[in-house]
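Welcome to this guided tour.

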Amino acid sequence: MGLNITEKIIKSHLVGGENGSGGLPSAGDEIALKIDQTLTQDATGTMAYLQFEAMGVNRVKTERSVAYIDHNTLQSGFENADDHRYIQSVANKYGIYFSRPGNGICHQVHLERFGKPGKTLIGSDSHTPTGGGLGMLAIGAGGLDVAVAMGGGAYHINMPSVVNIKLTGKLKSFVSAKDVILEVLRLLSVKGGIGKVMEYTGDGVDTLSVPERATITNMGAELGATSSVFPSDEITRAFLKAQGREGDYTPLKADEDAVYADVVEIDLSKLEPLAACPHSPDNVKKIKEIGNIKIDQVCIGSCTNSSLKDLLTVAAMLKGKTVAENVDLSIAPGSKQVYQMLAENVTLADLIGAGARILESACGPCIGMGQSPNSGGVSLRTFNRNFEGRSGTKDAQVYLVSPETAAMSAIKGVLTDPTEYGELPKIKEPDSFLINDNMIIKPLDEKSAEKAEIQRGPNIKPFPKTFPLEDVIRADAILKVGDNITTDHIMPAGAKILPLRSNIPAISEYCFAEVDKTFPARAKKAGSGIIIGGVNYGQGSSREHAALAPLYLGIKAVICKSFARIHKQNLINNGIIPFVFENEDDYDKISEGDSLEILDIRNSIKDAENKLIPVKNMTTGKSIYVRCEISKRDKAMLLAGGLLQLTVV
């Protein structure tokens, strides 16, 4: 039996979990992977590096680790600038490459300058799977998992099942890679990729450039997928050659007799322009079905759609035209490379001439860092998430669209199918990109690094202490939430809150603020609590703060119907117990404010996997049952009080 791409990469990096016959583990079994590369960004990086320092390792052990400054770039106070100095000093001392502010979005830059086919990459950002467009096994993770990998530790994860997304045909004019991944989301939903890797095959793959493939793998995160991956082929080679990195090319494809857990077929030639409607990336409809709704704002950029090809297409559509008077258009190039190439071939002038506001090469509006829409405004964005309130405006209506749809609609002033545009000049990828890595700082050599000092600002506080698992939990159900609660609900982003990412006591004041503004005060007063949730609790960003802030506020456990992968692991890493209802109907038997009691927890966690654990509702006098579905290693972590307790050297 042949292997698919995912299995080939896993097999070559497997350091734990291999079965007795020397083959691959079964789907769902815990595996340990050697990690070749890591990345962090500044919203998660400070905490990850504080954790790395606490481990006592004097040098990163990976082939390449890169720290990017791309999220918290609005410097309205000292906090962000201080964090950047701290990260730069840590990178310098411990052997980490440092991408300076303005150099670009981590995923775009990593694709351009560092990604290698066949390698493993984990990053403290949920859109790290962008690297799958180059044939990497790239996975989003919590900051502590990344810190452990930098220290030479393995990355532990359940063996994913692999789904074959078979692409046939060729995209029509004005239909793009964004429409492909929106179609996948329409078919599979935001829960459809949990525990899976989406592997793209078929003759349609040959029609997609690396940036187009990266758009698709980027938004695989919205499926809840562990990762997404394309083959490494001659198109990959051409991209790497154009980046001056042909030596990094390795061919990689699935064997002819590779087996997949499932197959989803998509005929590219039949796709039409699509949009994800408010407030979920899987609420997908055809542009024609939605109709010509009036719009207020268009934002083009993010790690999903800010490549040179994307912006050349937008520039060609806007050339000689003017943005509608009711529309505010902003454009953020994904990297300095893209920005400079737009400037040098005068394409930037076409964007400016049409009335676009050009933003710096950073995440910007996608992470709520500026460009919030007007009250009740309709915003079209080429981004990856449209969760309620994520834009910074609670009642905004955010639609996720392709660059082509965004440009056409900006001109017309209403949501418009871009196929109505007419003829568009063919956009060709350059034979060579502008190579200028002067905004990437190499770390000091080991001898020089010994004398280097770490710079810490006053906003940088230690991460919350964790303690060995208690044997009894008596606490109120301090908050009850519904299905698909995102990490944006738990720990909001935005220009006001992101500067507090290195200060857990301060940022905890905003925990669950989008759901219940009274939660932080109630939790601190209670001193402990249990959160009750629905399906897919913790979907979205990898932000570890969605576990650290509840930890600081005394949350002992979360009981829900199901968890999103990264958030569940972040809870375990930080000593919070993730329970799932044995019977989902029992969700209705707990009300917010009920007093709950869980006894003999340590023995229950130690015992046989999936043991039923009773939870007594002291308010009603009735009991329900929950499970703690975790691996043997996760049990050890919970018993010790978290991952850091097991990794300090």
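Two strands pair when DSSP finds at least two bridges between them. Helices (H or I, at least four residues) and strands (E, at least two) are DSSP runs, numbered from the N terminus. The model is predicted: local features need pLDDT of at least 70, side-chain atom pairs count only at pLDDT 80 or more, and totals for chains, interfaces and linings use all residues. Residues are numbered from 1 along each chain as its sequence is written, and side-chain values use heavy atoms, with hydrogens and water left out.

**Stop 1: a sheet**

Select residues 161-168 and 196-201: these are strands 9 and 10, running parallel and joined by six bridges. Here Lys 166 stands opposite Thr 201 of strand 10. Now widen the view to the open sheet of four strands, with parallel pairing and the order 11-10-9-12. Strand 11 (227-229) and strand 12 (262-267) each have a single partner strand, so one side of each lacks a neighbour in the sheet.

Touching, or contact, means heavy atoms within 4.5 Å.

**Stop 2: a core**

What does Ile 577 touch? Not counting residues up to four places away in sequence, its contacts include Leu 469, Ile 473, Val 558 and Leu 638. Ile 577 is also among the residues with the most contacts inside the largest nonpolar core, which has 103 residues. Such a core is a set of buried Ala, Val, Leu, Ile, Met, Phe, Trp, Tyr and Cys residues joined through side-chain atoms within 4.5 Å; buried means under 20% relative accessible area (1.4 Å probe, protein chains only). Finish with helix 5 (residues 143-150), which gives the most to this core, with six residues.

Key
Buried < 20%, exposed > 50% of the residue type's maximum accessible area, 1.4 Å probe, protein only.
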